[in-house]
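Please keep the sequence and the coordinates open while reading.

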Amino acid sequence: MKYVDEFRDGKLAQNIARTIAREASTGRSYRFMEFCGGHTHAISRYGVADFLPANVRMIHGPGCPVCVLPVGRIDLAIGLALERGVTLCSYGDPLRVPASGGLSLLKARARGGDIRMVYSASDALSIARANPEREMVFLAIGFETTTPPTALLIKQARAEGRNNLSVLCNHVLTPSAIMHILQSPEVREYGTVPLDGFIGPAHVSAVIGSRPYEHFAREYRKPVVISGFEPLDVMQSILMLIRQINDGRAEVENEFSRAVTREGNRKAQALVAEVFELRRTFEWRGLGEVPYSALKIRAEYAAFDAEHRFGLRNTPVPDNPACECGAILRGARKPADCKLFGAACTPENPMGSCMVSSEGACAAHYAYGRFKDAEIVAA
Amino acid sequence: MSATQSGYARPLDIRKGQIDLSHGGGGRAMAQLIEEIFRAAFANEYLAQGNDGAVLPVPEGGRMVMTTDAHVVSPLFFPGGDIGCLSVHGTINDLAVMGARPLWLAASFILEEGLPLADLRRITDSMAQAARAAGVPVVTGDTKVVERGKGDGIFITTTGVGVVADGLVLSGDRARPGDAILLSGTIGDHGMAVMSRRENLAFDAPIESDTAALHGLVAGMLASGADIHAMRDPTRGGLAVALNEIARQSGVGMVLDEAGIPLRPAVEAACEFLGYDPLYVANEGKLVAICAEGDAARLLAAMRAHPLGRESAIIGAVQACPHRFVQMKTRFGGNRNVDWLTGEQLPRIC
């Protein structure tokens, strides 16, 4: 496949792997967090870790939009569908996220909730147009990548005077989450999560640009390399991080220059700023309350804000105490460290959110990498 | 027009007519539907008996194999086929991968009120053509009509009977470490062809379903004399699930070579932009075979000699593994698990 195969070339991977091995043989160890679920998925699916020497370790970050969505928010969506009789439109990923009372959106659908999977935010608008007698709510989730389409949906809905469509907004912000991790006691004080640098987001950065990361690189002395989602992108970025550390640099570098600029997509940024404003605080599954880490719909657009329209109140719901998703999302534990992993918690019956989306650290490890935990008897 | 003329006062209005509840009521309307649609399409000596069941000759030698398969595809018509031919091929293939020669089919139809008769005619004609081409007649059947909203246009269940030669045992529990894994062609064509026509997702891609009856290909494989241990047609859940089933049944592991798995560029591209993994996408005209290592080349040659197996390939090997893991060496050069499918494949959001 043109323009994709070039970034999955095994020979080039071998070359980069050799360079990494050579340049990383400094006697120290390198621990990098890939923030995005997209990178976690690529690393697992293509076996990128197999190319890395033992002293270069990847730590999965919290950049999986489904994983960080707290139970309380899914409960709100389920309540809308089952108790308020609305038609709820959602992307595919959140449908399986476990919520309270053993429910999920998929299970709520089996109980009679009108819950529909859409492929884009604009599909929700088409459904609202086709069903003027039904009340529609779009469950908006995701980082900066999926926020502009939601903004557009709201603007279009207002432009055409739709009065049966609103948005349950759960959009979250990447820079605040990275900042939260850097300030967490595990990283700062205990040193239990020694982080040497970040693989920066691909699609998110196409929207926000590379500039927002300059602050962490400077303040926390952590190098950031913005990386595409293809396996060669990831390997090249790991090499760039190793070089920065070896040189004693802590800069923002852009490996994904074919899509990311320093300023990002200004048009999309303007659209988002017009429709959304910062929330003072928002609950992240695994990270808890994170200040100024999410967006809410501006008062001018309140008619399209499901929280306002239905008078919704967020109730935090604690995770299963044995579930290590929180520590895994902060990079403090690995999936296989969790007692529930692969036993009580599997992709079929996820207990924690990291097991839900294929971008979640646990699901990716379960689906692609768990043979590494077991001793394989060769043929 | 003579009042004593056989048949019905007015023939079915195929062009504009629709299924209504009377077509399932057991009365004259139902009799007419059966006569003009089903009997007309499937005409054969057994169906012509016109009784509650077909009386069939007992085949000489061998053992009987029976299978049944319900078909609920949406949309009903897709590039490369439709639910009609699919319902014939699917059941024939279930018999074929058991090593059986398919003999007869039974078909039962659940029709939704409002289904255009033109669609029903098109579907039954496609079924009849597929059955004739395969040499496997539909010898008996049944029709029910459900209210609007309680079906998806049409559901078709087909049951097949075949006969397998004495001494031939193909079974998912017979895979042994060292065995070769062969695949009869490209993966994912059917699933992505159907996906390309889904109402909320239509995209233009030159992808056609691979729906086909595989008993001819299997006959050639058996005639090669290769020691085949197991076969599966990787339909729902795709190649990944078919192989995991065999690995579990046999208590073995497998190692696949991604570079060796045939995949059309258009299917790969469609999977790429939807975030699907082609290993989990359905096929309706492919089979995977496990055979003794030393016979792999001979079996591959026999498969490639058949039009439906031209792109056959050896895609991996069975290995001992207490965890029954199916692993794959990726084209990129790393290793990964090829796990069971979880739920349905859902598109990823970013």
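Two residues are in contact if their C-beta atoms, placed from the backbone, lie within 7 Å. The structure is a predicted model, in which local features need pLDDT of at least 70, side-chain atom pairs count only at pLDDT 80 or more, and totals for chains, interfaces and linings use all residues. Residues are numbered from 1 along each chain as its sequence is written, while chains are lettered from A and ligands numbered from 1 in the order in which they are written.

Chain A comes first. It has 15 helices and 13 strands; helices (H or I, at least four residues) and strands (E, at least two) are DSSP runs, numbered from the N terminus. Along the principal axes, the C-alpha atoms of chain A fill a box of roughly 65 × 45 × 45 Å. A compact globule of 379 residues would have a radius of gyration near 21 Å, and chain A agrees with its 21 Å. That radius is taken over C-alpha atoms, and the globule rule is 2.2 Å times the number of residues to the power 0.38. Of the 379 residues of chain A, 52% count as buried. A residue is buried if 20 or more other C-beta atoms lie within 10 Å of its own, exposed if 12 or fewer, and partly exposed in between, with C-beta atoms placed from the backbone. Among contacts in chain A between residues at least 6 apart in sequence, 76% join residues at least 24 apart.

Pro62(A) is found in strand β2 (residues 56–63) of chain A. Why does Pro62(A) count as buried? Because 31 other C-beta atoms lie within 10 Å of Pro62(A). Leaving aside residues up to four places away in sequence, Pro62(A) touches Cys67(A), Val68(A), Ala177(A), Gly286(A), Leu287(A) and Leu329(A). Its C-alpha atom is separated by 7.3 Å from that of Gly37(A), 25 residues apart along the chain.

Asp114(A) lies in the loop between α4 (105–110) and β4 (115–117) of chain A. Asp114(A) has 17 C-beta neighbours inside 10 Å, so it counts as partly exposed. Its contacts, not counting residues up to four places away in sequence, are Ala81(A), Thr87(A) and Leu88(A).

An α-helix has 3.6 residues a turn, so residues three or four places apart point the same way.

Helix α11 (residues 231–247) of chain A is mostly covered, with 13 of its 17 residues buried. At 1.5 Å a residue, the 17 residues of α11(A) should span 24 Å, which agrees with the 25 Å between its end C-alpha atoms. The expected span is 1.5 Å times one less than the number of residues. Gly248(A) follows α11(A) and has a positive phi, near 70 degrees.

Chain B has 8 helices and 13 strands. Its radius of gyration is 22 Å, close to the 20 Å that the globule rule gives for 350 residues, so chain B is as compact as a globular protein of that length. The C-alpha trace of chain B spans about 75 × 55 × 30 Å along its principal axes. Buried residues make up 49% of the 350 residues in chain B.

Chain B is divided into domain 1 (21–164) and domain 2 (180–337); the bounds come from an automatic or database domain assignment. The C-alpha centres of these two domains of chain B lie 27 Å apart. Across the boundary, 21 residues of domain 1 of chain B are in contact with 21 residues of domain 2 of chain B. On the side of domain 1 that touches domain 2, α2 (83–96), β4 (101–112) and α3 (117–134) of chain B each supply at least two residues. α2(B) gives the most to that side, with 9 residues.

Finally, the contact between the chains takes 41 residues from chain A and 31 residues from chain B. On the chain A side, α1 (10–23), α2 (37–46) and α15 (361–369) of chain A give two or more residues, and α2(A) gives the most, with 4 residues.
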